[in-house]
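Here is a briefing on one protein model.

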Amino acid sequence: MQAPTAPTYNQKMLANYVPVYVMLPLGVISNDNVFEDKSKMEKQLKELRAAGVDGVMVDVWWGIVESKGPKQYDWSAYRSLFALVQECGLKLQAIMSLHQCGGNIGDEVTIPLPQWILDIGETDPDIFYTNRKGNRNKEYLTIGVDNQPLFYGRTAVQMYSDYMKSFRERMSDFLEAGLIIDIEVGLGPAGELRYPSYPESQGWVFPGIGEFQCYDKYLEAEFKEAATNAGHPEWELPDNAGEYNDTPGSTDFFGLNGTYLTEKGRFFLTWYSNKLLNHGDEILDEANKAFLGCKVKLAAKIAGIHWWYKSYSHAAELTSGYYNLKDRDGYRPIARMLSRHYAIFNFTCLEMRDSEQRADAKCGPQELVQQVLSGCWRENLEVAGENALSRYDSNGYDQILLNARPNGINREGMPKLIMYGVTYLRLSDDLLKENNFKIFKTFVKKMHADQDYCPDLGMYNHQIGPLERSKPKFVMEDILEATKPMESFPWCEETDMQIDDSDGVLANFIRKLFSMFK
């Protein structure tokens, strides 16, 4: 019998390969459900493929597909787009985008929820997230209606489930062909598992702490019931947590020795964050049933709320639903919940460095990323990520490279710490400009550990088997056990796969020099 051959150097290096996906433009399918500029998209997709990109990510908007009425799905434009992606030799990550587009950072188009949903909201505005002043947010249905049959006899969870089942039926050929490798399940505003606590549409500006979003009649009633069951029928929702653009110290809730530290405050924050966990768990369970047996991975996106991270109360995280403090991990419980669905934890703000942020906002993007990724890896979860804002410079790319492999390349095989994949935000004319695209291509090569594009997912340990049924639901005690804080894994100071952008640095220097003499 022939002895197995030792892996070659390139095979060992392929174990360090992190695939790169690119997010397609938000409005690639128009509001009236048309794939409009196919020729331009084809040209751009071919450019991405030639640059070594592994695939693309696309929002599949509920407000477009089910716009005509309940269960009246029209997938035709998305089928045309998917066929083009397939022809261009790229893989596809599909987002079940059950939220509105518009009102968030980087939203260049407006795609509302289906009109028939908005019409229900005219007579029952409490189906939308509501702040203490009573302002409604139409980005996403409140968690309070997850199990309320208000939508022509269906609950919100049933509508989301039906949407995903219809997607599976109409896209079965693409699923079977292996084109679609990820189904990212939208779980809140911007597709993220969070509350819409910092809406630009209501006047929020960075670095405001945001506001709690649980004052619709459904969530208010749930809180009242929970407080009564806990022996405190007198407890009400917070009335001292400030407004969108406050600082933590200007509020009684988040300030020094604030309400967040009291028994009443801790009860509220536990309830508020657990509602979010249960929401994500329930909808991912439906996604698991919808895509059971398909060769796909499920994924969920969590927001990188990095401002006020270095303040005691972590106010912006708390209003978003992430109950994260120095002595309480708010992210590992989410990772543990995702683990029962074999889901990927997709995190944002990979490109950010503390030194680039405003000092007065006590931002900590680097420490936040380290905490979140470490927690995921401790829960044996695959973790992917995105940049939060468009970047075209080597510094931004180098930070993503560092986070993708925090301890660098392992020349003998797979590194202990390695991200499952990175999605670049987003495809645009700016990205494809000559110098920008040149740097981006180098970034892709470095993400691939200087290896050529590899179409065989198994070569870098990403082979995808049929989706198994979710494991049994965790009891809340098991989830909350994961709130125990643990040290983050150590990170290198810099990536060992740096991008040399000496041309870009020189060009910037010359531009600055000329501007001095204008």
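Ala241 sits in the loop between helix H8 (217-229) and H9. Helices (H or I, at least four residues) and strands (E, at least two) are DSSP runs, numbered from the N terminus. The model is predicted: local features need pLDDT of at least 70, side-chain atom pairs count only at pLDDT 80 or more, and totals for chains, interfaces and linings use all residues. Residues are numbered from 1 along each chain as its sequence is written, and side-chain values use heavy atoms, with hydrogens and water left out.

**Around Ala241**
- Ala241 counts as buried because its relative accessibility is 10%; buried means under 20% relative accessible area, exposed over 50%, partly exposed in between (1.4 Å probe, protein chains only).
- Ala241 touches Ile209, Phe212, Thr251, Phe253 and Phe254, not counting residues up to four places away in sequence. Contact means heavy atoms within 4.5 Å.
- Ala241 and Ala315 lie 74 residues apart in sequence, yet 9.2 Å apart in space, C-alpha to C-alpha.

**Helix H9**
- H9 has 28 residues and reaches 40 Å from first C-alpha to last, close to the 40 Å expected at 1.5 Å a residue. The expected span is 1.5 Å times one less than the number of residues.
- Of the 28 residues of H9, 20 are buried, so the helix is largely enclosed by the rest of the structure.

**Barrel and packing helices**
- Eight strands form a closed barrel, E1-E2-E3-E6-E7-E8-E9-E10, with parallel pairing. Two strands pair if DSSP finds at least two bridges between them.
- Neighbouring strands of this sheet are turned by 30 degrees against each other on average, direction ignored.
- Strands E2 (residues 55-61) and E3 (residues 91-97) run parallel and are joined by seven bridges. Val56 has Leu92 in E3 as its bridge partner.
- Helix H4 (residues 76-87) packs on the sheet, touching E2, E3 and strand E6 (180-185); its direction makes about 175 degrees with that of E2. Axes are lines fitted to C-alpha atoms, for helices over the stretch in contact, and angles run from 0 to 180 degrees between N-to-C directions.
- Helix H12 (residues 365-378) lies across strands E8 (344-347) and E9 (383-386), at about 180 degrees to E8.

**Nonpolar cores**
- The largest nonpolar core has 154 residues; Phe82, Leu141, Ile180 and Phe440 have the most contacts inside it. Such a core is a set of buried Ala, Val, Leu, Ile, Met, Phe, Trp, Tyr and Cys residues joined through side-chain atoms within 4.5 Å.
- A second, separate core of 12 residues includes Tyr17, Ile344, Leu457 and Ile464.
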